[in-house]
Every structure is written in structure tokens, then in C-alpha cells.
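Please find below a short note for a reader new to this structure. Have the sequence and the model open while going through the points.

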Amino acid sequence: DLGYMTSEKAYRIVLAGDAAVGKSSFLLRLCKNEFKLNSSATLGVDFQMKTLIVDGEPVLLQLWDTAGQERFRSIAKSYFRRADGVLLLYDVNCEKSFLNVREWVDMIEDVSRDDIPIMLVGNKCDLRRDGDGCVPTNYGQKLAMTYNTLFCETSAKDGSNILEAVLHLARLVKKQA
Ligand code: GDP
């Protein structure tokens with residue numbers, strides 16, 4: 001059935017966040033249900049397709065990885081310009097990646113369409129060890145509240161919350177379309 005390739009609208013979801021927070025791994029878990037401990041820098045593809053059932057209806061997503069083109073590269077900005085929604089990842093064990101969320105949001109709001117739905121995702125929660133450099137869950141929740149975005153914590157390694165995160169975002173994206 002090639003129908004979805006020709007007629008059905010695909011919503012464009014772009015993954016954002018610092019290098020090594022797990023964007024490629026997130027996509028690999030979502031689309032292939034796999035995980036690689038030492039994944040290479042990119043999957044070698046620009047996007048993956050995924051159909052989800054949202055409120056009883058199939059929703060086709062085109063998920064773009066900005067692998068290797070983080071932040072200031074203009075090519076990454078062109079992805080965000082045409083995005084319908086953004087998955088913005090940080091690593092819950094890497095404070096720096098959390099502090100950089102602000103810059104990502106600024107960039108996204110600068111180039112994307114107004115009120116673009118963003119899901120803030122604290123990834124690698126399977127690794128969380130309390131102490132220095134760790135980002136507590138309520139920090140993520142608070143930040144998401146200030147930006148009026150959705151929030152969840154995920155693990156691409158064990159798969160927790162990956163599908164839920166994308167479902168929540170897809171529902172919002174569909175509603176706004
Ligand atoms: P990207 O640069 O943002 O695309 O990050 P990658 O997907 O390449 O992941 C960077 C590294 O973190 C790889 O070694 C992954 O195996 C690892 N990684 C990604 N997600 C998780 C996770 O949820 N848990 C754990 N333990 N490791 C992860």
C-alpha cells in the first residue's frame with residue numbers, strides 16, 4: 001500500500017538537542033525497536049517514517065534527525081523552518097545539555113512557525129544517578145512549564161516513555177494542523 005506515500009499528509013517532527021543526548025538512539029528505538037550502546041554519530045539517513053494511532057486515527061510522522069548538524073549549522077535551521085513539531089532532548093545525566101535547552105528553544109522559536117508544539121525530553125533516565133551533574137525531574141518539569149511545552153523523561157535504552165512522548169506530541173501537532 002503506497003497510499004500513504006502519495007496522498008496522506010505526513011507531519012514533520014524534528015529532533016533537537018546537544019550532540020550525544022540520544023537523538024539517533026531515540027529514533028532507532030521508536031522506529032526499529034533497537035538500541036546500540038556505541039551508536040555511531042548518525043544513522044546515515046535524514047529521516048524515518050512512523051505511523052501512530054492517535055485518538056483512533058492513523059497519523060503519519062516523518063521524523064528528522066539533525067545528527068551531526070547540531071545547533072548553529074544553517075542546514076539544521078532549515079529542518080526547523082518546515083517542522084510541524086519538535087522533540088527537544090537533553091541528557092538527564094548531563095547538566096550542560098539541560099542548560100543548553102534555552103538556546104535550542106530560542107533558535108526554534110526564531111526560525112519555526114509560531115506556537116510550534118515542542119516536547120521537552122529528558123533522555124537516558126535509565127542511567128540516572130543522583131548527585132553532581134544530574135538533572136532532577138522537577139527541573140525538567142519547571143523548565144517545560146516556563147516554555148509552555150510538554151515534558152517527559154525517556155530511555156532509548158530500555159524504551160521507557162519513547163512511544164508515549166511521540167504520541168503526546170503527535171496529538172498536539174494534529175490538533176494544530
Ligand atoms: P545523538 O548524538 O544525540 O544522536 O546521540 P546518540 O543517539 O548517538 O547517543 C549517544 C550515546 O548515548 C550512544 O552511545 C548511545 O548508545 C547512548 N544512549 C542514547 N540514549 C541512551 C539511553 O536512553 N540510555 C543509555 N544508557 N544510553 C543512551
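Predicted model: local features only at pLDDT ≥ 70, side-chain atom pairs only at ≥ 80, totals over all residues.

1. Strand β1 covers residues 10-16, and leucine 15 is part of it. Is leucine 15 buried or exposed? Its relative accessibility is 0%, so leucine 15 counts as buried, the cut-off for that class being under 20%.

2. Which residues does leucine 15 touch, apart from its neighbours within four places in sequence? The contacts are Lys23, Phe26, Leu27, Leu63, Trp64, Thr66, Phe80, Leu87 and Leu89. Leucine 60 is 45 residues from leucine 15 along the chain, and 16 Å separates their C-alpha atoms.

3. There are 20 residues around the ligand, and those that come nearest are Ser25, Lys36, Leu37, Asp126 and Ala156. By type, the shell holds seven nonpolar, seven polar and six charged residues. Helix α2 (residues 23-32) supplies the largest share of this shell, with three residues.

4. For alanine 20, a backbone N or O atom is 2.8 Å from a ligand oxygen atom. For valine 21, the distance from a backbone N or O atom to an oxygen atom of the ligand is 3.3 Å.

5. Aspartate 126 has a polar side-chain atom 2.7 Å from a nitrogen atom of the ligand. How much of the ligand does the protein bury? Taken alone, the ligand exposes 580 Å², and 89% of that is buried by the protein.

Key: Residues numbered from 1 in each chain as written. Heavy atoms only, no water. Helix = DSSP H or I, 4+ residues; strand = E, 2+ residues; numbered from the N terminus. Buried < 20%, exposed > 50% of the residue type's maximum accessible area, 1.4 Å probe, protein only. Contact = heavy atoms within 4.5 Å. Near = heavy atom within 4 Å. Polar contact = N/O pair within 3.5 Å; in protein donor to acceptor, adjacent residues only side chain to side chain. Areas by Shrake-Rupley, 256 points an atom, 1.4 Å probe, with all protein chains shown as cover. Nonpolar A, V, L, I, M, F, W, Y, C, P; charged D, E, K, R; others polar.
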